[in-house]
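Here's a friendly walk through a protein chain for anyone meeting it for the first time. Have a look at the sequence and the model, then read on.

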Amino acid sequence: TVSDLLYVMLIESNNQAAQCLSEGMDRPTFIGLMNQKAKDLGMQSTFFEGATGLSSNNVSTTDDLLKLAKYILINHPEISEISRNKEYDLPGVGKLTNTDELLGEIPDIVASKTGFTLDAKGCLLIIANNPKKDGYIIYIILGSNDRFAEMKKIINWVNQAYTW
C-alpha cells in the first residue's frame with residue numbers, strides 16, 4: 001500500500017520505495033509535479049530530476065528544506081509520525097530500522113530524515129520540540145562527512161547557549 005511504502009521510504013530511506021510511489025504515473029509527469037510543489041512552497045533553489053534523491057542533479061538548500069519541513073509539520077503530520085520511529089514492525093515485510101542513529105539518543109525529536117550520496121555526502125534534517133514544548137527547532141545539515149556527530153554538536157550547543 002502507499003502507507004507501507006511511506007514507512008519503508010521514510011524509516012529506511014529506501015529509494016526503491018520512493019521509485020514505486022512514483023510509478024503511479026509516467027516519470028516526467030511525477031517529477032514535474034515534484035518541481036511544481038517545490039515552486040509552490042517557495043523553494044526557489046530546489047530542482048528534482050528523479051523521484052529518489054540519488055541523482056546529483058537533484059539539488060536543494062537549507063533554506064528550501066526549512067520551508068519543506070514547516071509545510072510537512074502543518075499539512076502532513078503523518079510524515080513526521082512515521083519518520084520518528086526508531087524501529088517499526090511492518091506486517092508482511094518485517095522490522096524496519098531507521099537510518100537516523102540519533103533517534104532515541106536526542107530527546108523530543110518530532111521528525112527526522114537522512115540522506116546520502118557520494119556527491120552530496122551526509123545530510124540530516126531533524127525537527128525537535130524546543131525545551132518549553134511551545135514550538136519547534138529545525139536543524140539541517142548538508143554535505144557532511146559525519147552528519148550524526150555534527151548534529152549532536154549543534155543540538156548540544158543550542159541547548160547550552162539558548163535561554164528558553
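Let's begin with helix H1, which covers residues 2-12 and has Tyr7, Val8, Met9, Leu10 and Ile11 as its buried residues. Buried here means under 20% relative accessible area, while exposed means over 50% and partly exposed is in between (1.4 Å probe, protein chains only). Helices (H or I, at least four residues) and strands (E, at least two) are DSSP runs, numbered from the N terminus.

What do the buried residues of H1 pack against? They pack against helix H2 (15-22), helix H5 (77-83), strand S1 (87-90), strand S2 (94-97) and strand S3 (109-117). Contact, by the way, means heavy atoms within 4.5 Å.

## A word on the model

This is a predicted model, in which local features need pLDDT of at least 70 and side-chain atom pairs count only at pLDDT 80 or more, while totals for chains, interfaces and linings use all residues. Residues are numbered from 1 along each chain as its sequence is written, and side-chain values use heavy atoms, with hydrogens and water left out.

## The chain as a whole

Now step back a bit. The chain has 6 helices and 5 strands, and from the N terminus on they run α-α-α-α-α-β-β-β-β-β-α. The radius of gyration is 16 Å, close to the 15 Å that the globule rule gives for 164 residues, so the chain is as compact as a globular protein of that length. (That radius is taken over C-alpha atoms, and the rule is 2.2 Å times the number of residues to the power 0.38.) Along its principal axes, the C-alpha trace spans about 50 × 40 × 30 Å.

How much of the chain is buried? Buried residues account for 35% of the 164 residues. Take the contacts between residues at least 6 apart in sequence: 41% of them join residues at least 24 apart. The chain exposes about 9600 Å², with carbon and sulfur atoms supplying 53% of that; these areas come from the Shrake-Rupley method with a 1.4 Å probe, and for residues only the protein chains shown count as cover.

## Two nonpolar cores

A nonpolar core is a set of buried Ala, Val, Leu, Ile, Met, Phe, Trp, Tyr and Cys residues joined through side-chain atoms within 4.5 Å. The largest one has 14 residues, and Leu102, Leu124, Ile126, Tyr139, Met151 and Ile155 touch the most other members. Strand S4 (121-129), strand S5 (136-144) and helix H6 (147-161) each supply at least two residues of this core, and the largest share, 4 residues, comes from H6.

Zoom in on Leu102: leaving aside neighbours within four places in sequence, Leu102 is in contact with Ile109, Leu124, Ile126, Phe148, Met151 and Lys152. There's also a second, separate core of 10 residues, including Met9, Leu10, Ile11 and Leu96.

Most residues other than glycine have a negative phi. Ser13, which follows H1, has a positive phi, near 55°. Ser13 sits in the loop between H1 and H2 and is partly exposed, with a relative accessible area of 23%.

Which other residue is worth a look? Asp108 has a positive phi too, near 65°. Asp108 is in the loop between S2 and S3, and is partly exposed at a relative accessible area of 32%.

Ala51 is in the loop between helix H3 (27-40) and helix H4 (62-75). Not counting residues up to four places away in sequence, Ala51 touches Ala18, Gln19, Ser22, Phe30, Ile31 and Met34. Asn85 lies in the loop between H5 and S1 and counts as partly exposed at 22% relative accessibility. The C-alpha atoms of Asn85 and Ile11 are 6.9 Å apart, although the two residues are 74 residues apart along the chain. Beyond neighbours within four places in sequence, Asn85 is in contact with Tyr7, Ile11, Asn98 and Leu103.

Is Ser144, at 4% relative accessibility, buried or exposed? Ser144, found in strand S5, counts as buried at that value. Leaving aside neighbours within four places in sequence, Ser144 is in contact with Ala120, Lys121, Gly122 and Glu150.
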